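Hi,

Here is the structure I promised to pass on. Have a look at it first, and then read my notes below.

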Amino acid sequence: MLEDKLVNLQKMLGCTFHNINLLIESVTHKSYINEKKNKNRKDNEILEFLGDAVLNLIISEYLIKSYPHFFEGELSKIRSMVVNELTLADIARKIDLGSYLYLGSGEEQSGGRNKNSILANALEAVIAAIYSDCGLNEAASFIIRNFEDIIRISAEKKVSFDFKTEVQELCQRYKLPLPVYKVSGEKGPEHEKVFEIELLIDSKAFGRGSGRSKKEAEQIAAEEAIKKLKMQNAK
């Protein structure tokens with residue numbers, strides 16, 4: 001039964017593993033380890049950490065090659081639309097990754113196979129397992145095959161995605177003063193000038209960005225500020 005499950009999983013991923021334990025680890029949730037108390041089995045949290053880095057690398061490289069005329073800030077916006085928990089969970093559902101997960105009985109009963117966080121983390125762990133066992137090219141092939149459509153859709157929507165609006169909404173939600181954007185520097189000749197922007201909230205620096213226009217630099221600074229605001233206000 002276990003062998004059939006692993007064979008089907010490898011077919012779905014399009015990768016035949018040399019080290020099958022890596023594949024098993026990638027779909028093993030910590031609730032399963034805690035319940036079974038198997039010291040020889042690992043959960044997928046470390047692989048998830050690696051998979052996040054691999055995913056961002058491949059998506060970034062693909063964006064640069066596919067949209068060479070886009071600015072850094074635009075590429076950053078598209079990547080944020082693609083690499084997030086909701087998108088990862090949706091892709092995990094499309095490939096039915098949830099059915100292959102090893103979960104503890106409590107997590108199973110609470111609907112863990114369909115939880116966004118568990119599915120997104122498992123997908124990143126699977127990406128890391130493919131990378132570790134089958135190599136970067138195989139990992140890239142899997143990522144592009146499954147993310148290409150959402151990348152294209154996100155690229156078409158990039159104009160409407162606004163980090164500045166989001167950071168302003170977060171400030172209002174957390175009852176903070178509205179952000180202030182300050183030009184902290186300018187580099188390069190007039191025709192190739194690069195602007196450096198600092199985002200201040202309550203006189204404290206929350207984000208920095210540089211770009212070929214003030215607007216682009218502000219968007220990058222706002223994206224950084226969003227991450228810090230969310231981290232500081234996480235429960």
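Contact in these notes means heavy atoms within 4.5 Å. This is a predicted model, where local features need pLDDT of at least 70, side-chain atom pairs count only at pLDDT 80 or more, and totals for chains, interfaces and linings use all residues. Residues are numbered from 1 along each chain as its sequence is written, and side-chain values use heavy atoms, with hydrogens and water left out.

Let's start with Asn 44. Leaving aside neighbours within four places in sequence, Asn 44 is in contact with Glu 25, Ser 26, Thr 28, Ala 122 and Ala 125. It sits in the loop between α3 (30-36) and α4 (45-66); helices (H or I, at least four residues) and strands (E, at least two) are DSSP runs, numbered from the N terminus. Is Asn 44 buried or exposed? It counts as buried, because its relative accessibility is 5%; the cut-offs are under 20% relative accessible area for buried, over 50% for exposed and partly exposed in between, with a 1.4 Å probe and protein chains only. A polar atom of the Asn 44 side chain also lies 3.1 Å from the backbone oxygen of Ser 26.

Thr 28, one of those partners of Asn 44, is in the loop between α2 (20-26) and α3. Thr 28 is buried too, at 0% relative accessibility. Apart from neighbours within four places in sequence, its contacts are Ile 33, Arg 41, Lys 42, Asp 43, Asn 44 and Tyr 102.

α4 has 22 residues and reaches 31 Å from its first C-alpha to its last, close to the 32 Å expected at 1.5 Å a residue (the expected span is 1.5 Å times one less than the number of residues). Its buried residues include Leu 47, Gly 51, Ile 59 and Leu 63, and what covers the buried residues of α4 includes α2, α5, α6, α8 and α9.

Ile 59 comes up again in the largest nonpolar core, which has 52 residues. Such a core is a set of buried Ala, Val, Leu, Ile, Met, Phe, Trp, Tyr and Cys residues joined through side-chain atoms within 4.5 Å. The residues with the most contacts inside this one are Ile 59, Leu 97, Leu 123, Ile 143 and Phe 147. Its largest share, eleven residues, comes from α8. Not counting residues up to four places away in sequence, Ile 59 touches Arg 79, Val 82, Val 83, Ile 143, Phe 147 and Ile 151. A second, separate core of 14 residues includes Leu 170, Ala 217, Ala 221 and Ala 225.

Now the strands. β1 (residues 180-187) and β2 pair in the antiparallel sense over seven bridges; two strands pair if DSSP finds at least two bridges between them. Val 183 stands opposite Ile 197 in β2. On to the other partner: seven bridges join β2 to β3 (residues 204-211), again antiparallel, and Glu 196 stands opposite Ser 210 in β3. Strand β2 (residues 194-201) is mostly covered, with six of its eight residues buried.

Last, how many disulfides does the structure hold? There is one, a disulfide being a pair of cysteine sulfur atoms within 2.5 Å. Cys 15 and Cys 134 form it, with their sulfur atoms 2.0 Å apart. The pair links distant parts of the chain, 119 residues apart: Cys 15 is in the loop between α1 and α2, and Cys 134 is in helix α8.

Cheers

Technical notes:
Polar contact = N/O pair within 3.5 Å; in protein donor to acceptor, adjacent residues only side chain to side chain.
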